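Please look over the sequence and the structure below before reading on. The report then moves from the strands to the helices and ends with the aromatic rings.

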Amino acid sequence: MNIIETNVEAIIQEGQAKIFVHTPFCGTCQLAEKMLQTVEAVMKTEYYHKLNASLFPDFMQQHQIESVPCLITFQDGQVKDKTYAFQSVQHMLAKTISE
């Protein structure tokens, strides 16, 4: 689920890509990650890629990510949506299914 620098662009160019941007010591990020893991467990599909914001400052600046955690959705290489408030597992499940 982690991204290495060499394949970030390849992942973004996939038809639709969802990248969970976090930092390792952020408590809110850990809670958000558990929500996303629960969504994947319920749906029995891996939807999300995980990116450590501390290691990708250029990515953060290029895509104007304002804070972490952030779930950024790309469609055909373009930013489609950014989610900063994860709210609940039910909210993220509904959001994931609707996209």
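Strand β3 (residues 70-75) is mostly covered, with 5 of its 6 residues buried, where buried means under 20% relative accessible area, exposed over 50% and partly exposed in between (1.4 Å probe, protein chains only). Helices (H or I, at least four residues) and strands (E, at least two) are DSSP runs, numbered from the N terminus. The model is a predicted one, in which local features need pLDDT of at least 70 and side-chain atom pairs count only at pLDDT 80 or more, whereas totals for chains, interfaces and linings use all residues. Residues are numbered from 1 along each chain as its sequence is written, and side-chain values use heavy atoms, with hydrogens and water left out.

**The sheet**

The 4 strands form an open sheet in the order β2-β1-β3-β4, and their pairing is mixed; two strands pair if DSSP finds at least two bridges between them. Because β2 (48-52) and β4 stand at the edges, each with a single partner strand, one side of each is left without a neighbour in the sheet. From one strand to the next, the twist averages 25°. On one side, β3 pairs with β1 in the antiparallel sense over 6 bridges, and β3 is also joined to β4 by 5 bridges, again antiparallel. β3 and β4 form a hairpin with 2 residues between them, and D76 in the turn has a positive phi of about 50°.

K18, which has its place in strand β1, has T73 in β3 as its bridge partner. K18 counts as buried because its relative accessibility is 4%. Leaving aside neighbours within four places in sequence, K18 is in contact (heavy atoms within 4.5 Å) with Y47, Y48, H49, L71, I72, T73, T96 and E99.

**The helices**

Helix α2 (residues 27-43) packs on the sheet, where it touches β1, β2 and β3, and its direction makes about 150° with that of β1. Helix α4 lies across β1, β2, β3 and β4 and runs at about 165° to β4. Such angles run from 0 to 180 degrees between N-to-C directions, and axes are lines fitted to C-alpha atoms, for helices over the stretch in contact.

The axes of α2 and α4 come within 9 Å and cross at roughly 60°. The two helices are therefore oblique to each other, given that angles under 35 degrees count as roughly parallel, over 145 as roughly antiparallel, 65 to 115 as roughly perpendicular and the rest as oblique.

**The aromatic rings**

A search of the whole structure finds 3 aromatic pairs. In one of them, the rings of F20 and F86 have their centres 6.0 Å apart and their planes at 85°, so the pair is edge-to-face; rings of Phe, Tyr and Trp (its six-membered ring) pair if their centres lie within 6.5 Å, and planes under 30 degrees apart count as stacked, over 60 as edge-to-face and the rest as tilted. This pair links distant parts of the chain, since F20 is in strand β1 (residues 16-22) and F86 in the loop between β4 (78-83) and α4 (89-98), 66 residues apart.

| Residue | Relative accessibility | Class |
|---|---|---|
| F20 | 0% | buried |
| F86 | 5% | buried |
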